[in-house]
Amino acid sequence: MLDKITILGGLDKNGMPEKIGRIEIAAGEVLAVVGPTGSGKTQLISDIEQYAEEETLTGRSVLVSNQLVNKNRDRRSMRYLMAQVSQNMNFVIDMSVEEFLLMHAQIRGIRESARTIEEVLAITNHLSGEPVTFSTNLTQLSGGQSRALMVADVAVISNAPVVLIDEIENAGIDRLQALEILKGQGKIVLVVSHDPTLMLMAGQRVVMKNGGMNKIYLTTPKEKRILEDLVRVEKRVAGLRERLRRGESIGLGDNSEGDSEKEG
Amino acid sequence: MRFVIVAGTPSSGKTSVMVHTIRHLLRSDLAVAACKIDCLQTSDDARYRRLGIPVAVGLSDYICPDHFYVANLEEIEAWAMDQKADVLVLETAGLCHRCAPAVYGCLSVCVIDNLVGVDTPRKVGPMLSSADIVVITKGDIISQAEREVFRHKVEVENPQARILDFNGLTGQGALALKNEILNSRALAGISGRELRNSMPAASCSYCAGETIVGKDYQMGIIKKVDFGRGN
């Protein structure tokens, strides 16, 4: 039903036309949104979220499958088109994980809700360090557990064709896995990030400057090789982190490199 | 003149929502007047004044604010007409969950935030269920899942309403609300129009300033708790 999203450029903060006049993101693709703080990354996401039609501050338009979204007609069917995960989000409902997931699954019309919420819990525990159980109260989850549950819920229950991700690198979860899970099957993913690994995992990245889309790059084969290096380094860091968290002392004896690969 | 009535739960961001929306209306060269009805005091008028628009304040003081609101609708309309307003924004506070300010022919907006809990849409009652537009705020700080659950609970209470997500800090959603206001019909006059929900009786001695507790001090329409119920 949704094969691509197109962003048509508007104006930057000086009222000059954006250097990049058109960006297309097809189903199954990831676009990274990069740039310094205040460069307009969040506004770009916001334009997409409200299907801008030249009427926001930037004057951008957003096309869904080549068409402007008629916001007045058919709006009920539009409401589950996008899902968002950001670092600022929290759970505020006083309810157990199980009760809440069942409620959400039921509202979204999922039939085999018992099996679905098992899947959500499995993904959650795959992403976060300390295991979450069904009986845990939502408000008692740690920051990392909450973010992991949000990602799992967005991937499985919300299951929107477009996913907007805002700076989840500091969330205390395996963000590379999280991105893979959210990409899922044929989703359109936009990632706002300051993290080089996440930027290079995207097929293309738009560089924001002074409120405008300033440059667009396709990730090159050379960058992909650099990404592999980064992922290797990260695995090693992750291995060290795990060992330190388990209470091991590193840098002693024959394993002085702290080589995580030896642990499998 | 379009007559927009705004109500909502306390601290849901009614004024922030309307300030952002009025900015967009002003950008479209529409004249806007704002009136705030409150109970004992308000500072919201200052926020409306910063927009450079005419602002009026009505404090109900010792009168039930809902009754005070209805009793002043004609006067508020006349004042806004004098200001040559194209759009009148009337924000009411202090509504108990029994009352709803919606009037047939006016555009009725209910503002509620995502943090009040999933059972609250049901408790809010006619203020929400008789609104034309329900604005849901503070969605940026809760999870996607909770937003979807909360929105569903609102839809159950008011299936006809247009539901808008709104970020009161950034103003995201203000354009959609502006468009709803532009698409609404102008009101030919408030006189003779009908409240969508009746207001409860409020004509006891406490309405008139009585402060002492006890049967001897109670006059007028008095209703007592039925302790047989639920026991």
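This is a chat about a predicted model and how its chains are built.

Biologist: Hi! What should I know before I look at it?
Modeller: It is a predicted model, in which local features need pLDDT of at least 70, side-chain atom pairs count only at pLDDT 80 or more, and totals for chains, interfaces and linings use all residues. Residues are numbered from 1 along each chain as its sequence is written, while chains are lettered from A and ligands numbered from 1 in the order in which they are written.

Biologist: How many helices and strands does chain B have?
Modeller: Chain B has eight helices and seven strands. Both are DSSP runs numbered from the N terminus, with helices being H or I of at least four residues and strands E of at least two.

Biologist: And why call chain B as compact as a globular protein of that length?
Modeller: Its radius of gyration is 18 Å, close to the 17 Å that the globule rule gives for 231 residues, so chain B is as compact as a globular protein of that length. The radius is taken over C-alpha atoms, and the rule is 2.2 Å times the number of residues to the power 0.38.

Biologist: What share of chain B is buried?
Modeller: Of its 231 residues, 44% are buried. Buried means 20 or more other C-beta atoms within 10 Å of the residue's own, exposed means 12 or fewer, and partly exposed is in between, with C-beta atoms placed from the backbone.

Biologist: In what order do the strands of the sheet in chain B run?
Modeller: The order is β3-β2-β4-β1-β5-β6-β7, in an open sheet with parallel pairing. Two strands pair if DSSP finds at least two bridges between them. β3 (55–59) and β7 (162–166) of chain B are at the edges with a single partner strand each, so one side of each is left without a neighbour in the sheet.

Biologist: Can you show me one pair in there?
Modeller: Take β1 (residues 2–8) and β4 (residues 87–92) of chain B, which pair in the parallel sense over five bridges. Phe3(B) stands opposite Leu88(B) in β4(B).

Biologist: Which strands does α7 of chain B lie across?
Modeller: Helix α7 (residues 144–157) lies across β6 and β7 of chain B, and runs at about 160 degrees to β6(B). Axes are lines fitted to C-alpha atoms, for helices over the stretch in contact, and angles run from 0 to 180 degrees between N-to-C directions.

Biologist: At what angle do α1(B) and α8 of chain B pack?
Modeller: About 65 degrees, with the axes of α1(B) and α8 (residues 174–183) 8 Å apart. Among the residues that meet there are His20(B) and Leu25(B) from α1(B), and Leu177(B) and Ile181(B) from α8(B). Contact here means C-beta atoms, placed from the backbone, within 7 Å.

Biologist: Switching topic, how many residues does each chain bring to the contact between A and B?
Modeller: Chain A brings 23 residues and chain B brings 16. On the chain A side, α5(A) gives the most, with five residues.

Biologist: Is α5(A) mostly covered or mostly open?
Modeller: Mostly covered, as 14 of its 16 residues are buried. Asn159(A) follows α5(A) and has a positive phi, near 45 degrees.

Biologist: Last one: where does Val191(A) lie?
Modeller: Val191(A) is in strand β8 (residues 188–192) of chain A. Val191(A) is buried, with 28 other C-beta atoms within 10 Å. Leaving aside neighbours within four places in sequence, its contacts include Val30(A), Ile165(A) and Leu198(A). The C-alpha atoms of Val191(A) and Val34(A) are separated by 8.5 Å, though the two are 157 residues apart along the chain.

How values were computed
Two residues are in contact if their C-beta atoms, placed from the backbone, lie within 7 Å.
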